[in-house]
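Colleague: I would like to learn how to read a model like this one. Could you take me through it feature by feature?

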Amino acid sequence: MTPSETAVAASQLPEAADSFLVAAGWADAAVEPIPGDASARRYFRLRKSDQTAMLMHAPPPGEDPEPFLRAARWLDANGLRAPEIYAEDSAKGFVLLQDFGEVRMREYLDAWPQDEREVYTHAVGALLQLHRLPAGPFTLYSLAEYQREARLFVEWYCPAQGLSVDLAGWTQAWEQVLGPLLSRQRPGVTVLRDYHAENIMLEGGLDRQGLLDFQDALVGHAAYDLVSLLQDARRDVDPALEEEMLAHYIAASGADRHFAEDYARLGAQRNAKIVGIFVRLWRRDGKPRYLDYIPRVWSLLERDLAHPALAPVAGWFDANIPAELRDPASGRLGGVFAA
């Protein structure tokens, strides 16, 4: 960056960032804003001499860095590659942390698709390592939480399409589908909840993968993060590779005979939730770019609904979502058109 660009970037720092950086020993660092995610958090890369660091601003009351800090420290203490915490001021929402660089799994595979199998094998390997540990100090992924997430579909997508749907039937269908899974997720593993190619950094080697965006960690079913990785809302994963990686996980973990069906249950739940979230990001938060991902997510959802374990939810879709909204040939697959 030029000196003028650096000055402009520094001027974008949140209020009170200067005093935080002085106390942390990073005064007068060059500042580079980093594009944010779907949350209100903001990120800045800092450069000082030959050192770099990341500044995260998660401003209260809307954001709280404590869950991120708790999860990062637990992951790091247990051999997973979360960024090291250099300094923090939770009351003001500032965290200074290790910079994993600029090579995300997604962009790397865009440039080097021939490495896809190896990169995904290592990403699955990190989950195997995580799942061999006792669950971390996180809240249980309860039926109430699964249902709260699933409701995002009927709260946001259906109104955006002008649909009047059976809300009680939606809840009942998910209770039928998720009920058998709940007993199998005990005692549970640490679930990062957003484990996908845009949240995995490659640090100079395909097997050196750094983790991001784990502040919402819960204790739940081992299939959840595998779904996040292999049914990625933002990147196409070849179904053959998905099947291969699922089989690899099952064989390496010794998962029981229900694992594949639970993978489909959680795939449908997560993909329905994501459709709702992406519509909410458009309608409430003014971020229409997320609508572009809906056709991919919807296609994954339909694939999950085809599993016999999803029969109650699939029946609800048949009764409540018009066929023309689900037909790829219509050009409206998962689309949102209501004003």
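**Reading the model**

Modeller: Start with one side chain: leaving out residues up to four places away in sequence, Trp174 touches Gln147, Ala150, Gly179, Arg265, Ala268, Gln269, Ala272, Leu310 and Val313. Contact means heavy atoms within 4.5 Å. This is a predicted model, where local features need pLDDT of at least 70 and side-chain atom pairs count only at pLDDT 80 or more, while totals for chains, interfaces and linings use all residues. Residues are numbered from 1 along each chain as its sequence is written, and side-chain values use heavy atoms, with hydrogens and water left out.

Colleague: Which residues touch the most other members of the largest nonpolar core?

Modeller: The general idea first: in soluble globular proteins, nonpolar side chains tend to be buried together. A nonpolar core here is a set of buried Ala, Val, Leu, Ile, Met, Phe, Trp, Tyr and Cys residues joined through side-chain atoms within 4.5 Å. Buried means under 20% relative accessible area, exposed over 50%, and partly exposed in between, with a 1.4 Å probe and protein chains only. The largest core has 96 residues, and Tyr120, Phe153, Trp174 and Phe317 touch the most other members. Helix H10 (residues 259-283) gives the most to this core, with 11 residues. A second, separate core has 14 residues, including Leu13, Ala29, Leu55 and Phe94.

Colleague: Is Gln147 buried or exposed?

Modeller: Gln147 is buried, at a relative accessible area of 6%. It sits in helix H6 (residues 143-160). Helices (H or I, at least four residues) and strands (E, at least two) are DSSP runs, numbered from the N terminus. Beyond four places in sequence, Gln147 touches Thr171, Trp174 and Glu175.

Colleague: How many helices and strands does the protein chain have?

Modeller: The chain has 13 helices and 9 strands. Its radius of gyration is 21 Å, close to the 20 Å that the globule rule gives for 339 residues, so the chain is as compact as a globular protein of that length. That radius is taken over C-alpha atoms, and the rule is 2.2 Å times the number of residues to the power 0.38. Of the 339 residues, 51% count as buried. Among contacts with a separation of 6 or more, residues 24 or more positions apart account for 71%.

Colleague: What is the strand order in the open sheet?

Modeller: Pairing comes first: two strands pair if DSSP finds at least two bridges between them. The open sheet of 5 strands has the order E1-E2-E3-E5-E4, with antiparallel pairing. Strand E1 (30-34) and strand E4 (85-89) are the edges, each pairing on one side only. The twist averages 20 degrees from one strand to the next. Axes are lines fitted to C-alpha atoms, for helices over the stretch in contact, and angles run from 0 to 180 degrees between N-to-C directions.

Colleague: How many bridges join E2 to E3?

Modeller: E2 and E3 run antiparallel, joined by 7 bridges. Arg45 has Met54 in E3 as its bridge partner. The two strands form a hairpin with 2 residues between them, and Ser49 in the turn has a positive phi of about 55 degrees. E3 also pairs with E5 in the antiparallel sense, over 4 bridges. There, Met56 has Val95 in E5 as its bridge partner. E3 has 5 of its 7 residues buried, so it is largely enclosed by the rest of the structure.

Colleague: Which strands does helix H2 lie across?

Modeller: Helix H2 (residues 17-24) lies across strand E2 (42-48), strand E3 (51-57), E4 and E5, at about 40 degrees to E5. Helix H3 (residues 66-77) packs on the sheet too, touching E3, E4 and E5, and its direction makes about 155 degrees with that of E4.
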